[in-house]
Amino acid sequence: MKKRRSLREKISRVAIVMTESALVIVAIVMFITIFGLRSTFIESSEKAGQDAEVISSETMRRQIEESLQQSAQAKADSADNALKKFQISVKTVADTVSNMYDNADDYYERSVPLPDAKNKGKLSVQLLFSEKTDTESADVKNELGLLANAQDTLLSVNKNDPNMVSNYIAAKSGIMIQADYIAEKKFDEDGNIMPYEADTRPWYIGASEKQAPFFTSLSRDAHTSGVGIMCGVPFYKGKEFMGVAGAGMYLTELEKAVLETRVGKNGYACMIDGEGKVIFSSGGGETFSCDLEKITDLRQSDQKDLAELVTKAVKGERGIAVLNLDGVDSCVAYSPLETVGWTFFTIIPESEVQAPTNSLLKSLEESSDRAVEDSNGQIRMVLIAMVVVFIILYVLSFFVSKKAAKVLVREVVELTAKVEEIKGENLDFEWDVDTGDEIQVLAESFSSLTERMKQYIKDITDITAKEQRIASELSLATNIQASMVPTNFDDYKDNPMFDLYASMTPAKEVGGDFYDFFLTDDNHIVLVMADVSGKGVPAALFMAKAKTSIKTRAMMGGSPAMILSDVNDQMCEGNEAELFVTVWLAIIDLNTGKGLAANAGHEHPALRHKDGNFELIKYRHSPAVATMEGLPFKEHEFEVVPGDTLYVYTDGVTEATDANNELFGEERLTDALNINPDAKPEELLGNVVNSIEEFVAEAPQFDDLTMMAFTYYGKEN
């Protein structure tokens with residue numbers, strides 16, 4: 001007979017089966033939920049990384065493109081200003097000649113000298129004629145006597161525009177009056193003066209046809225091999241066209257501006273003319289080559305996007321684009337030079353634009369990998385805990401097991417839901433439940449990951465903005481410091497008693513060198529040359545204080561020693577950085593040529609007597625200014641006579657270093673000064689700069705280059 005079970009046993013059996021079933025179901029649900037959470041966690045991490053890539057890439061690209069565009073526009077504006085100034089100089093001559101024709105009775109008849117080979121290398125005015133001109137004609141002679149009055153204007157304009165090589169007026173009658181440095185080039189092999197057919201030159205033809213200012217394309221000079229550009233401006237008698245005023249300039253400074261432009265690590269810059277041809281380039285491989293033998297119109301390029309970009313640039317547009325150049329994806333910014341219709345380009349490889357984003361993504365990927373590893377470890381711990389819970393629940397009653405399963409599942413589902421909310425730009429993750437177990441650790445790990453991703457994006461944005469701000473502030477500081485030293489030498493051009501010129505080239509954005517010159521009255525001039533110890537912003541600030549103190553004290557009167565003594569005490573106050581400044585200060589009586597000078601630890605000046613050579617004047621120095629309060633300063637008397645030239649400088653000149661760490665030195669300095677000892681101060685400084693650049697070649701500039709030349713003519717001149 002079948003054994004019967006009691007009701008208690010049946011209930012117990014049902015309870016056991018239900019408990020076992022519930023435990024199995026709970027275990028399955030937990031496994032599915034946990035592994036689903038792991039998959040969701042990994043997918044969310046990947047999605048968050050992709051969103052971070054989009055956000056950071058857009059932010060970085062926008063800031064880099066803005067910087068690239070600003071750089072192109074700044075360089076284009078600087079070059080355009082130089083060309084615009086050059087055009088104004090030519091127009092000044094044309095307006096002067098037109099006024100002569102319209103007011104001929106106000107001018108005396110003058111003559112113009114023929115070319116003289118002895119003027120080689122000197123700025124001089126020469127008279128040339130067309131082969132078709134009848135030089136014996138009374139009309140030609142009368143017109144020449146009138147136009148001869150323009151020679152002073154030609155010389156003045158040429159001297160005041162450092163970019164100008166030569167300038168001239170060419171009348172339609174065939175008269176040509178020219179101011180340049182190559183008088184010896186006007187003769188043929190037999191020593192005869194060559195005719196000059198101005199009306200066949202592009203600058204003359206373009207200006208006469210356009211009846212407005214006209215710039216030629218890039219070309220070679222008629223008498224030299226220099227590559228440059230010419231500008232022509234028509235002049236009139238009333239409304240009648242009478243000829244063209246013109247000038248030529250070599251593009252050395254514009255080429256230097258292009259070659260010195262730095263764009264990232266591997267970027268470069270170039271200039272393109274109105275015909276779509278590359279004029280200058282600091283890189284660019286085959287596409288932006290500036291080889292005169294290989295230059296082509298890039299608007300005709302087989303590369304369609306390049307041709308379209310150059311076409312827009314030639315039309316005067318500005319903008320930025322991404323295209324492939326010589327196999328390299330590149331970001332290109334362009335801005336026009338309105339005066340001549342050229343365009344300045346800045347190019348940077350796309351890889352450099354993407355570099356910050358790639359670095360961020362690598363960091364995010366590493367963090368994500370660590371988070372996944374941590375989550376795998378936590379999941380293993382959860383599985384072990386589940387086995388333990390399964391055993392415990394197997395012993396417990398049905399209701400306890402059901403409640404425990406419900407609690408566990410609820411927290412896991414809640415965590416999964418919060419993870420799924422993270423998408424797009426939403427990186428916020430909030431977990432306000434304290435479970436006290438592995439689920440809590442997993443939630444905190446993911447919360448930490450999202451916070452780090454948000455911080456990474458904020459950091460990269462702040463760093464980029466800070467670097468841009470610093471670059472802008474340094475650029476402003478450079479302009480401010482340059483404006484502190486006198487650069488308008490035109491105010492002294494009309495003074496017959498002397499001529500002077502000075503220049504300052506900082507080694508960094510800002511430097512510690514400075515010079516100064518000023519009249520304390522009609523008969524006394526003060527000359528100052530100084531060098532602050534150190535470089536950069538601290539030296540620049542100390543330089544500003546020193547320059548102001550010296551000039552303020554000098555205007556109060558007194559000898560150089562008295563001036564430096566008072567300035568020394570002022571500069572020592574609050575000088576916690578222990579900076580000092582070497583100073584050479586002289587006061588010259590313009591009536592007699594007698595002067596007093598004090599040298600506070602500065603370089604030896606060089607003096608050239610009329611018809612002689614430059615020599616360094618060496619004597620014992622006083623200590624530098626701001627080394628100690630109460631210092632006495634020595635001074636000595638000297639005298640310059642008409643025709644003498646004084647040259648002063650900072651140690652950046654003699655300590656200029658080449659690639660072999662050899663110094664330029666005093667001997668090379670005197671050799672450079674004596675290349676043409678009779679030169680005017682501006683040309684004299686140019687000879688020194690050229691010698692230094694030739695000596696150092698590609699070596700970097702480590703110190704400021706500052707110098708000044710003063711030529712004394714005396715009261716009789």
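**View 1. Phe241 is buried, with a relative accessible area of 19%, where buried means under 20%, exposed means over 50% and partly exposed lies in between, for a 1.4 Å probe and protein chains only.** The model shown is predicted, and therefore local features require a pLDDT of at least 70 and side-chain atom pairs count only at pLDDT 80 or more, whereas totals for chains, interfaces and linings use all residues. Residues are numbered from 1 along each chain as its sequence is written, and side-chain values use heavy atoms, with hydrogens and water left out. Tyr204 also counts as buried, at 7% relative accessibility. A search of the whole structure finds 15 aromatic pairs, a pair being two rings of Phe, Tyr or Trp (its six-membered ring) whose centres lie within 6.5 Å, with planes under 30 degrees apart counted as stacked, over 60 as edge-to-face and the rest as tilted. Tyr204 and Phe241 form an edge-to-face pair, at 6.2 Å centre to centre and with 75 degrees between the planes. This pair links distant parts of the chain, Tyr204 lying in helix α4 (residues 202-210) and Phe241 in strand β7 (residues 240-250), 37 residues apart; helices (H or I, at least four residues) and strands (E, at least two) are DSSP runs numbered from the N terminus.

**View 2. Phe489 and Tyr501 form a tilted aromatic pair, 4.4 Å centre to centre and with 35 degrees between the planes.** Because Phe489 lies in the loop between α9 (438-484) and β13 while Tyr501 lies in strand β13, the pair ties together parts that are 12 residues apart in sequence. Phe489 is buried, with a relative accessible area of 9%, whereas Tyr501 is partly exposed, at 21%.

**View 3. An open, antiparallel sheet is formed by five strands in the order β13-β22-β21-β18-β19, two strands being paired if DSSP finds at least two bridges between them.** Its edge strands are β13 (498-505) and β19 (614-616), each of which pairs on one side only. Neighbouring strands of this sheet are turned by 15 degrees against each other on average, direction ignored; axes are lines fitted to C-alpha atoms, for helices over the stretch in contact, and angles run from 0 to 180 degrees between N-to-C directions. Eight bridges join β13 to the antiparallel strand β22 (residues 705-712), and the bridge partner of Ala502 in β22 is Met708. Helix α14 (residues 681-696) packs on the sheet, touching β13, β19, β21 and β22, and its direction makes about 145 degrees with that of β22, contact meaning heavy atoms within 4.5 Å.

View 4. Strands β15 (residues 524-532) and β16 (residues 581-589) pair in the antiparallel sense over nine bridges, and Thr582 in β16 is the bridge partner of Asp531.
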